[in-house]
Amino acid sequence: MTAMRGDDVASSSPNGPLWPPDRWISPTVLRNYDMCPHRVRLAYIDAVPEPPGFNLFLSKGRIAHNLLQYSARRISHGQPVHDDGKFLEMAIQRLPPREFPSPAERHAHALEIVRWVRYGLDYLDRNAEYLAIERGNNRPLNVVPGLEPYGLRARPDLILLRTAADGERYVEFVDFKTGKPRDNDLVPVVTRYVSRAMLRRYVPDPTAPRMQFTFLWLDPREAQVIDLSVDFCETVWESATEAIRNLAAEREWAARPSILCRYCPYNDNACTAWQRSAQESGGVTAL
Ligand code: SF4
């Protein structure tokens with residue numbers, strides 16, 4: 001995708017680079033931008049590499065996702081899913097032994113992954129059509145008059161075509177989550193927007209069927225179902241397009257230190273905003 005940007009935008013705020021026009025904008029980018037613009041610049045524009053290191057929580061989440069995707073593929077091909085013993089074996093293999101003080105601790109974390117995977121699999125509808133498994137969809141979006149459209153992208157874990165008890169066919173997007181439940185309207189609405197062309201391959205009118213987005217919180221075993229009605233999507237869409245316009249006009253990329261900075265991969269790398277902020281306020285840095 002190529003695009004020309006207007007000189008008026010570039011010259012109005014001369015501090016830093018513009019968002020690269022050939023870079024996809026995802027809900028994750030928008031969420032990170034809302035939390036800390038400087039982090040988005042470091043990650044997506046300056047391409048500062050993340051410091052190496054093992055993050056147990058992220059690693060367990062990735063393993064759970066991999067096992068769930070693998071199992072969803074088996075279900076979509078009419079094959080049985082593995083039992084918990086096999087999942088435990090697969091989870092242990094994927095947890096590097098050097099990162100754990102003892103085999104027992106590694107085993108305990110693997111068991112937790114199996115518990116997450118089991119909940120995810122228990123939720124999944126074996127009779128659904130599995131339209132997409134971990135596949136990204138894109139769609140252009142024209143938010144700034146006079147400029148080429150930006151590209152929006154989302155990648156739900158699953159897209160299912162399900163049949164309700166009364167025979168109604170409906171679409172369900174599923175996203176497996178391993179953190180604590182929290183509200184997020186942006187991901188569901190952007191996912192619906194970018195999936196239209198893909199859905200057209202399966203339903204004649206992709207705007208016709210009822211759609212829902214389900215965040216499946218694996219640890220607390222909670223299904224957060226969001227009805228993607230037109231009214232709901234239109235309301236969220238206004239704030240989504242405003243966020244994209246702000247990102248498109250951004251030149252300052254100010255750091256926004258917060259308690260969440262301790263999770264930022266750039267804490268030990270390029271950004272000292274949090275330390276500076278703590279010193280300026282007379283506080284003690286938490287890093
Ligand atoms: S350390 Fe904090 S302020 Fe600095 S880039 Fe990361 S999130 Fe932003």
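Axes here are lines fitted to C-alpha atoms, for helices over the stretch in contact, and angles run from 0 to 180 degrees between N-to-C directions. Keep in mind that this is a predicted model.

Q: At what angle do helix 7 and helix 9 pack?
A: Helix 7 covers residues 186-194, while helix 9 covers residues 230-249. Their axes sit 9 Å apart. The packing angle is about 100 degrees.

Q: How are helix 7 and helix 9 oriented to each other?
A: Angles of 65 to 115 degrees count as roughly perpendicular. The angle between these two is about 100 degrees. Helix 7 and helix 9 are therefore roughly perpendicular.

Q: Which residues of helix 9 meet helix 7?
A: From helix 7 come Leu186, Val189, Val190, Arg192 and Tyr193. By class, this contact has nine nonpolar residues, no polar ones and one charged. On the helix 9 side, the partners are Phe232, Cys233, Val236, Trp237 and Ala240.

Q: Are helix 2 and helix 3 oblique or roughly perpendicular to each other?
A: Helix 2 (residues 27-35) and helix 3 (residues 37-45) have axes that come within 5 Å and cross at roughly 135 degrees. Roughly perpendicular takes in 65 to 115 degrees, and roughly antiparallel starts over 145.

Q: How many charged residues are in the contact of helix 2 with helix 3?
A: Helix 2 brings Thr28, Val29, Asn32, Tyr33 and Met35, and they meet Pro37, Val40 and Tyr44 in helix 3. By class, that gives six nonpolar and two polar residues, and the number of charged ones is none.

Q: Which strands are the edge strands of the open sheet?
A: This sheet has five strands in the order 1-4-5-6-7, with mixed pairing. From one strand to the next, the twist averages 25 degrees. Two strands pair on one side only, and these edge strands are strand 1 (129-133) and strand 7 (222-227).

Q: Which residue in strand 6 stands opposite Val171?
A: Strand 5 (residues 169-177) and strand 6 (residues 210-217) run parallel, joined by eight bridges. Opposite Val171 you'll find Met211.

Q: At what angle does helix 6 run to strand 6?
A: Helix 6 spans residues 103-123 and lies across strand 4 (158-163), strand 5, strand 6 and strand 7. Its angle to strand 6 is about 160 degrees.

Q: Is Gln69 buried or exposed?
A: Gln69 is found in helix 4 (residues 56-76). Leaving aside neighbours within four places in sequence, Gln69 touches Ile133, Glu134 and Asp157. Buried means under 20% relative accessible area. Gln69 has 13%, so Gln69 is buried.

Note on methods. Residues are numbered from 1 along each chain as its sequence is written. This is a predicted model: local features need pLDDT of at least 70, side-chain atom pairs count only at pLDDT 80 or more; totals for chains, interfaces and linings use all residues. Side-chain values use heavy atoms; hydrogens and water are left out. Helices (H or I, at least four residues) and strands (E, at least two) are DSSP runs, numbered from the N terminus. Contact means heavy atoms within 4.5 Å. Ala, Val, Leu, Ile, Met, Phe, Trp, Tyr, Cys and Pro count as nonpolar, Asp, Glu, Lys and Arg as charged, and the others, Gly among them, as polar. Angles under 35 degrees count as roughly parallel, over 145 as roughly antiparallel, 65 to 115 as roughly perpendicular and the rest as oblique. Two strands pair if DSSP finds at least two bridges between them. Buried means under 20% relative accessible area, exposed over 50%, partly exposed in between (1.4 Å probe, protein chains only).
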